[in-house]
Amino acid sequence: MRISMKLPSDVRFISLKYDGRCLSCSKPIKAGQKAHWSPSSKKVWCEECVRTVNNSRESSQSEMGDSGYVGNSVDFVGAKRSETAYVNNQHTKWRQLCLYAQRCIEAEASKSLVPYVKENSHWFMHCGQEKLVVGQNDAIPAPESLVDYLARSQQRDGQSIIYGWPTVVLTDRDNSSKVAPLFIVNIEPERNGEKKWELHATVEPEYNLAITASNVFDPSVAEDIFELLSDGLPFGDADAFVSIAGRTAGLLGLDIISRLDPFSLDTSVSRKQGVYNTAVSVVIETSSEYQATLREELRELQARKDWSTTAAAHLLSDRIASNLNSRAPSGPLVAPLICNQSQEETLEMLRKEPLTIVTGPPGTGKTQLVVNAVANAWLDNDSVLVTSTNNAAVDVAVDRAEKDVFNGLLVRTGNRETREQIPDRIAVASSRAASHSNNQSTVRANLKRIADQRAKLQAQLTRLDKVNEELLCVVEEREELELKQKSASLSIWGSENPPKLSISSNEIKQRAVRLIRAWLFRRLRIRRLYRRVECNETTSLDDLVRWAEKDQRMAWLANQMKVGLDLCKQLESAVGDPVASIRDADNKWNVASLSTIQTDVAARIRSGSGRLAAFGTMPANVDQFKKAIANSLPYLRGWACTALSAHRNFKLESGLFDLVIVDEASQCSLAAVLPLAYRAKRLALVGDPNQLSPIIPLSDRHLQEIATQLEFDNNELRERGIHHKDGSAYHAFEFAANPSEPALLNEHYRCHPYIARWFNTVFYNDELTVLTEVSNLDGRHRAITWIDVEGVAERPKDGSWVNRFEAEQTVKVILEVIRDGYKNVGVVTPFVAQANLITKITQKHISRDTLDEIDFVCGTAHRLQGDERDVVVISSVLSPGMSKAGTRWIEKERNLLNVAVSRAKRALMVIGHPCIGELGSPTLSSLRVFLRETVVQKEGDVGFIASFRTDSRSEELLLEAMQLRNLSPYAKLNVEGYELDFALLENGIKLNVEVDGDHHLDVRGWQRRQDVTRDRVLSNLGWKVLRISAWRCYEEIDSVIDEITKERDVLIQ
């Protein structure tokens, strides 16, 4: 990333009044020293950095401004061409990037500043003595005002309570008063044995980042406070806490309104800015503990110089990242969980590439990919971390690894409760390992043999596909040439078939070419040639040459056909039934893979029993726990935790893990992933930019201010995916990986094909192949429909948009769904207020037990991310009455609709206005058009509907031949969303005839394996699938018809 440092136009060379730090080299500059300072950005550059750059520029004095700066721009990348200067400038970029991420996290933390006017709703006063912050107790009784809040409110996900002392009141830029504690602890409210609410501290106290991130203070003050608190807070020493609180207030420039005494708290707080001797609890929307630790990691990374050897280097320099070469792993690939071709190719990339970006649309098997990647890391002697900001994504991967592969393959860690479960997890894994007796060398040798046999089969199938493709090209060209040859013969001889000639077409061509160039006796010699070939005297020599060339080409094609047929027979003999052979080879490979990884995990756990015993006495100290994990990596190669808890489990050490896999990476901010990338030698990001993005509660203006302060171009940050709100970890590393394209997981297995067809077209450019198993739908009516409701959008004073008509209709639909016997139901809507309204009405009409039985969920798309439901009902809310801003928001957040639709496995019902196409949301409009025009025909209802369309000449020939031979095929019949080339349905049979033409053939073998899956789905629906190579419809049509007839007769019998 090329960063050009531009000095603001108001830069001055002055003696500093306060200590500062050079933005370029991070060198401390003491008060009184000369430095270059900008009043607008409040940034400082040291004299040496600016002098070095100015001296290196080949600019004339006339180009300089009055201040002596070259224009107003200093390019620190181009300042020195030496290697040392280059490396130093790369470190400058690294510090800037980490500082930008740090400032954004601090700004997020500022959300714990609450309005003064929200006392007893968002902040609550404590009386008496303060004992949590100063360390005199670990629990205190809740004040009455907070008790009332806890009694009437249910704490929501993502919401937490912090407690702190002393209290700070700030006057924000809008002149409103905000309240926040200076030092804070996270608390958990619990009822004691007497059923009274108590507040339990979950962590030791820390400085509240919200205060210095509030834009009230100069950002540099945060650095001063960090230095003051660098030795930690004096937990347990009340007098020292009073002193440190006073010094912190002094750095902030805040008056202490009342004398600080934690054992005699004041009972009131005014609007006046300052520090008060009161303790308060504050309800916040984010985890301040996570923000604090992430902030400290980002700050620490700014001083690290070994980042260039980690996966984080990809963000900054192609030159540095190019040194992170790919490697050639030893041993065959394994897949203990069944995987498709796109997953298999992605696994190969994960084993060797330093950076892998994976696009994983909904239902494409991301969890299978992650678990298989962990298995390969074990066998490649790599340590691996699976992480995400999404707890569910991590839990699903761990559960799948434990249930379907082996205990201990992927060990879950995280918060204290999760860490306390580790000894039990290791005990279970050790017990299973002790009873596992396979020999490592034996299973690896068996895996090698099976993998080689499978590779040989794949090579044979690829060659067979290539031969079939070549044969198709031969017969297609031959058919075209035959028509041209007949036309030429008619012109030359007056008949489509030439007479039996005494000389070959090659000799005819040679003589004709010589005669075209001849001068002597030319007419005589032409007449002799014409008499020899018995052609019309009006024939031109050029026509004769062209005919001869076509005749020779026909002969060559005939020979190619013969050679191809012989080779095709040999390959078919070697391969056997392709479908059965592929299925058998894949099954053997999966079994061998599972046996190999189970044996390897068991052997490592047994050999490391001594080291792993350390987890039996769980270290209370976080540093000791980190050390225990680090020491266990040779024996427990796979670990999993959320990005939020990585700091409490793993050292901030460069390249700690050989591979870090970030799941749901498009939901992760770059700031959250940056410390993880630093811990990685190789990095993989799995995400979907067409689904949820990070939720960042910061305004565009605030982020623009942060970028300006750090001399970043905000638009460039967006372009590079680094922008804290409009980018993500996925986008940032995707940009860094250019020109390499992300690997696409392109097979979908969740939604009914009719449902998947919409989001596949609208969001994925029809790049997904839908292979959902539909035979288990029990013949139940599958409602995939749009329900028109002429509702009106309203916005209550205290909430977001609602549509009462739609809410009532949604409840009616839920009642119908329950009567139809569906097992689980989800309702999705763009607005929280609408979700609350639907829930309220639903609970009036349906009992709690019934809702529990159908696992009822109602919320925004975020509520169902990573989940799925048999039935999804969507209330669009968009209707007349909604503001333009509300409409724009719905369309801007169109990815939420993709999330909602792609959760539905069997049924999808969307409730919306009939004129939605006129209301400003093209995405919702396209969904209405799609659902109202899609006809879902079930077998046995009113018969089948087929289009009788053919997509190739080979299909056209086969359809014509079957119809002439007393067969009655349907062409392009749609069965549960799967389109059949031809279908025979007479006498109750179900015979599907597929023509495998050029669009079925590819050198990677994708289509072969997809055909196997598709055929299995149809087989489970009662269909027999017969596949015909396209060239046979030209060359062996009678034989093909005989095969079809024979198969039909067998099925009838």
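User: In this predicted model, where do Arg400 and Asp404 lie?

Analyst: Both lie in helix 11 (residues 391-404). They are 4 residues apart, about one turn of the helix.

User: Why is the contact between Arg400 and Asp404 called a salt bridge?

Analyst: The closest N and O atoms are 2.5 Å apart. The rule asks for a Lys or Arg side-chain nitrogen within 4 Å of an Asp or Glu carboxyl oxygen, so the pair counts. By this rule the model has 58 salt bridges.

User: What makes Arg400 partly exposed?

Analyst: Its relative accessible area is 27%. Buried means under 20% and exposed over 50%, so Arg400 falls in between. Asp404, at 34%, is also partly exposed.

User: Why is the pair of Lys905 and Asp870 called a salt bridge?

Analyst: The closest N and O atoms are 3.9 Å apart. The cut-off is within 4 Å, so the pair qualifies. Lys905 lies in strand 30 (residues 904-912) and Asp870 in strand 29 (residues 869-875), so the bridge ties together parts 35 residues apart in sequence.

User: Is Asp870 buried or exposed, and how do you know?

Analyst: Asp870 has 4% relative accessibility. That is under 20%, so Asp870 is buried. Lys905, at 28%, is partly exposed.

Definitions and conventions:
Residues are numbered from 1 along each chain as its sequence is written. This is a predicted model: local features need pLDDT of at least 70, side-chain atom pairs count only at pLDDT 80 or more; totals for chains, interfaces and linings use all residues. Side-chain values use heavy atoms; hydrogens and water are left out. Helices (H or I, at least four residues) and strands (E, at least two) are DSSP runs, numbered from the N terminus. Buried means under 20% relative accessible area, exposed over 50%, partly exposed in between (1.4 Å probe, protein chains only).
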